[in-house]
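Biologist: Could you pick a single part of this model and take me through it closely? Please give the cut-offs behind each term as you go.

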Amino acid sequence: MKNELQLLGEKILEKKYQIAERVHLKAINKAAAQKLPMTEKEIIDIRANFVRLFGESLLQEADADTGGQPFLKWGKETGKRVCDLGIPLDQALKGTSYYRTCIWEVLGEEMLNHNMSLATSLKVGSILDPLLDEAVYAFSSAYVQCHEETLENSKRAFLELSVPVVPLAKGVAVLPLIGNIDTERARLLMEEVLQKASEKRLSHLLFDLSGVLVVDTMVADQIFKIEKALGLLGVETILIGIRPEVAQTMTNLGIDTGRLKIKSNLEQALKDLNESFDLL
């Protein structure tokens, strides 16, 4: 049987490009392929390199325990690459099944030509199938991890854009808040506001809440914390643009805003600031 396994392994190595081309023809999506930054030859080279691993595994009679490392490495690297290229996971995983089909087409033909036994076929399956499963698992894990990292980076970039500290005059800036404030955004608010207040050497920061539809105890508590932290930097916080419904909610919740400076709108806040500066 050992000689038969070596013969089959050599046949896969010999026909690795033929197998890779078969896989490519089955898996190719012309519309998607046009968007890939690789030529067809480069894609087939990658596929052939993967097929090569199966041929070498038969030559060495390596199973998932003894020969799985190259397949794990291929799965991790290829999963990340496919994710970076923006190929949907379901489409990519569908392509992996074609390797099994195309490799077995070549193996089946070779087994028939040499009248190999059922035992040899079972042995080949016991070697190749777990290795392919190992590669698919590593591929999926790497793809999902890359996708999650991409989403997290995009989310963070979006959140950072949602904390715009806009200078209005020397030492004065406004922070227009829009939308809901969840725990993560509240945390980022603290980090970004303190950093930008220091960078811009602010003496006053106007919190424009006109775009915030809901202020609950968590949001109010975070505003108090930011106001206190800014105070330690010598920055005075002024709330502006509180909507009537938000004011009613804050009152119903018993939120104490007595120690905060509050103005009706940006115009009124700037007018009062100009008057106080003139007095100074």
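**The sheet and its helices**

Modeller: Helix H10 (residues 217-232) lies across strands E3 and E4 (236-240), and its direction makes an angle of about 165 degrees with E3. This is a predicted model, where local features need pLDDT of at least 70, side-chain atom pairs count only at pLDDT 80 or more, and totals for chains, interfaces and linings use all residues. Residues are numbered from 1 along each chain as its sequence is written, and side-chain values use heavy atoms, with hydrogens and water left out.

Helix H9 (residues 183-199) lies across E2 and E3 (204-211), running at about 170 degrees to E2. (Helices, H or I of at least four residues, and strands, E of at least two, are DSSP runs numbered from the N terminus; contact means heavy atoms within 4.5 Å; axes are lines fitted to C-alpha atoms, for helices over the stretch in contact, with angles from 0 to 180 degrees between N-to-C directions.)

These strands belong to an open sheet of 5 strands, ordered E1-E2-E3-E4-E5 with mixed pairing. At its edges are E1 (166-169) and E5 (261-263), each of which pairs on one side only. From one strand to the next, the twist averages 30 degrees. (Strands pair if DSSP finds at least two bridges between them.)
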